[in-house]
Amino acid sequence: MSSSLRCIANHPTITLVESYHTLKEIKQIHTQVLVNGLLNHPLFLGKFIASIALSHPHNITYSTQILNQSQNPNLFTLNTMIRAYSKTPTPHLGFQFYNQILRSNLSPDNYTFTFLIRTCAHLSSLDSGPAVHGTTLKRGFDSDPHVQSGLIHLYSELGSFHSSRSLFLEIRCPDLVTQTAMVSACAGSGHIEFARKLFDEMPHRDPIAWNAMIAGYSQCGQSREALNLFNLMQFEGTKVNEVTMVSVVSACAHLGALDQGRWVHVYIEKNKLPLTVTLGTALIDMYSKCGNMTRAMEVFLRMREKNVYTWSSLMGGLAMNGAGERCLDLFSLMKQEGILPNEVTFVSVLRGCSVAGLVEKGREHFNSMTRVYNLKPWPEHYGCMVDLYGRAGRLDDAINFINDMPIKPHVGAWGALLNACRIHKNIELGEFALGKIVELEVTNDGAYVLLSNIYADSRNWDGVSNVRKLMKVGGVRKEPGCSVIEVGGEVHEFFVGDKSHPRYGEIELKLGEISRKLRLAGYVANTNQVLFDIEEEEKEDALCRHSEKLAIAFGFISLGEGVPIRIVKNLRICRDCHDGTKMVSKVFNREIIVRDRNRFHHFKDGECSCMDFW
Ligand code: ZN
Ligand code: ZN
């Protein structure tokens, strides 16, 4: 660095701008700069513009004005403007500075293209992206590692994983930056196995690559892999940060792994990682999805900064755990605090109304979305409304609501109606809803199973076997039920009729004991959904208890006395398992918490928190 440049970089005015924040303060400095005639000093101008545009992005328009007053800005200054705009919601405005570079007869450099490529990635534009790529090739910057990694990221943002991959494969010796970009591109677009292969081949891995890999596993639902990798990351001594922990916490939430989640929370506190809004919100979501609302509330109260997602997350958790009224109280409080609700908030609010059976209130809130908050309801909100009417037994209102929807009714809306038909045993409407679902999504196995349950509940075996035939003809396969339970920080997985667990012998004995004790207590299994004319293969399926029963039995033999048994199931819990679990909670005096596909069931003293509505 030349002495004059060093002098400019440390110029007291530059230091002043960086420490000032308001536009008024910056304007005062600007006046001084004008008085001292510093604006036409190209090196000073570059630093001055960079300190405003990059440290105060909200003042970017003002930096453009300053630039317009100066003569002959240099390449660094114009590149800075492209870079600064690439981070704003209007990245395309950066292109004007590229044109200015060309007009001024300056030669764009590798930084120019790196920033332009970032602009295109942010725009996700299928036109400008490849065009900038073409210019990069023409100008010979395509072998610059930052340009290359930018292009890999760009094509992955444009949804063209194959372009990213072929770009990467053309590079002879990819460096750390490019390798990391490729791992992020693969992991972010679900090509997780290819990402892992590259990741394993990297001679050195920086935290960005680790974070991309862990986030990739977490986002595509491979939560156990995410946690394994996190353990490996610590083992290798790589420094973890907030980004890592958000993915790790989400993985625990997905698994419903409370012990691991709690351990991760302690780890965050021990390592003094800042409880940012994103991380705090992720923790609230995790505790909610593990059915521990006390902890979720504790995190919420401890957070210094909260945003609309933080509030919505806690509200959603309360609704999912059956505390509809508390969810709505929190909504009032949030509005009192001056926080404006968004679409995500209303999903939580409507779910809260639904579980609390507050139809009129739900309708008011739904209407207020457009009337008061100018929000356009998502398909999900319409689904919530159908659920709200349906649960309350107002099936006519539910179907009228669907017919009046301004958007084409989607699977979610019909599915909510079908579930209401199951709760209220309405075969005719259920058949109609299934027809609509199948029109939209031929292979929706959950819908077929729901209708089959409706038939079985009313002992209509012809109906049941018809559904089975339809499924066979349509090539629809029922997703196998799977329940997971966490014991001592390890997640155990059980499928329906699964005998593969190393302690299966003990599980079998415990199952026998449970059914004996239940029979003694006068419990008669609800065999409606089991005893009908079914095919051999499925009979075994039905008679070998459902996966949650296996997981509960395993909980009894492996957890300490009185420790609540927590299960996460991928499908909706069936009536037999639900009734049975209520009895188990009473006869064995044990709290059992089941998170099924839709909601939580807290079983205690023979009752369930869902009040038998699910
Ligand atoms: Zn079951
Ligand atoms: Zn329940």
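Helices here are DSSP runs of H or I with at least four residues, and strands are runs of E with at least two, both numbered from the N terminus. By that count the chain has 33 helices and 6 strands. The model is predicted. The chain has 614 residues, of which 50% count as buried.

**Overall build**

- Taken along the principal axes, the C-alpha atoms of the chain fill a box of roughly 95 × 55 × 50 Å.
- Among contacts in the chain with a separation of 6 or more, 64% come from residues 24 or more positions apart.

**Zinc ion (ligand 1)**

- His546, through ND1, and Cys574 and Cys577, each through SG, coordinate the zinc ion (ligand 1) at 1.9 to 2.3 Å.
- Along the chain, the donors of this ion are spaced H-x27-C-x2-C.
- Cysteine 574 and cysteine 577 are both buried.

- Histidine 578 belongs to helix α33 (residues 575-587) and histidine 601 to strand β5 (residues 600-604), so the pair ties together parts that are 23 residues apart in sequence.
- Histidine 578 and histidine 601 are both buried.

**Helices α22 and α23**

- Two packed helices are described by the angle between their axes and the distance between the axes.
- For helix α22 (residues 343-356) and helix α23 (residues 359-371), the axes come within 9 Å and cross at roughly 165°.
- Angles over 145 degrees count as roughly antiparallel, and α22 and α23 are therefore roughly antiparallel to each other.
- The crossing in which α22 passes α23 is left-handed.
- On the α22 side, the residues that meet α23 are Phe346, Val349, Leu350 and Cys353.
- Their partners in α23 are Lys361, Gly362, His365, Phe366, Ser368 and Met369.

**Serine 313**

- Serine 313 is placed in helix α20 (residues 308-320).
- The relative accessible area of serine 313 is 15%; buried means under 20%, so serine 313 counts as buried.
- Leaving aside residues up to four places away in sequence, serine 313 touches Thr281, Ile284, Asp285 and Ser288.

**Loop residues with positive phi**

- Most residues other than glycine have a negative phi.
- Asparagine 374 has a positive phi, near 55°, and is found in the loop between α23 and α24 (379-391).
- Asparagine 374 has 70% relative accessibility; exposed means over 50%, so asparagine 374 counts as exposed.
- Lysine 425 also has a positive phi, with a value near 50°.
- The loop that holds lysine 425 runs between α26 (411-423) and α27 (427-440).

Key: Residues are numbered from 1 along each chain as its sequence is written. Chains are lettered from A and ligands numbered from 1 in the order in which they are written. This is a predicted model: local features need pLDDT of at least 70, side-chain atom pairs count only at pLDDT 80 or more; totals for chains, interfaces and linings use all residues. Side-chain values use heavy atoms; hydrogens and water are left out. Buried means under 20% relative accessible area, exposed over 50%, partly exposed in between (1.4 Å probe, protein chains only). Contact means heavy atoms within 4.5 Å. Axes are lines fitted to C-alpha atoms, for helices over the stretch in contact, and angles run from 0 to 180 degrees between N-to-C directions. Angles under 35 degrees count as roughly parallel, over 145 as roughly antiparallel, 65 to 115 as roughly perpendicular and the rest as oblique. A crossing is left-handed if the near helix is turned anticlockwise from the far one by less than a right angle, and right-handed if clockwise. Donors are N, O and S atoms within 2.8 Å of the metal (3.2 Å for Na, K and Ca); water is not among the atoms, so sites may look incomplete.
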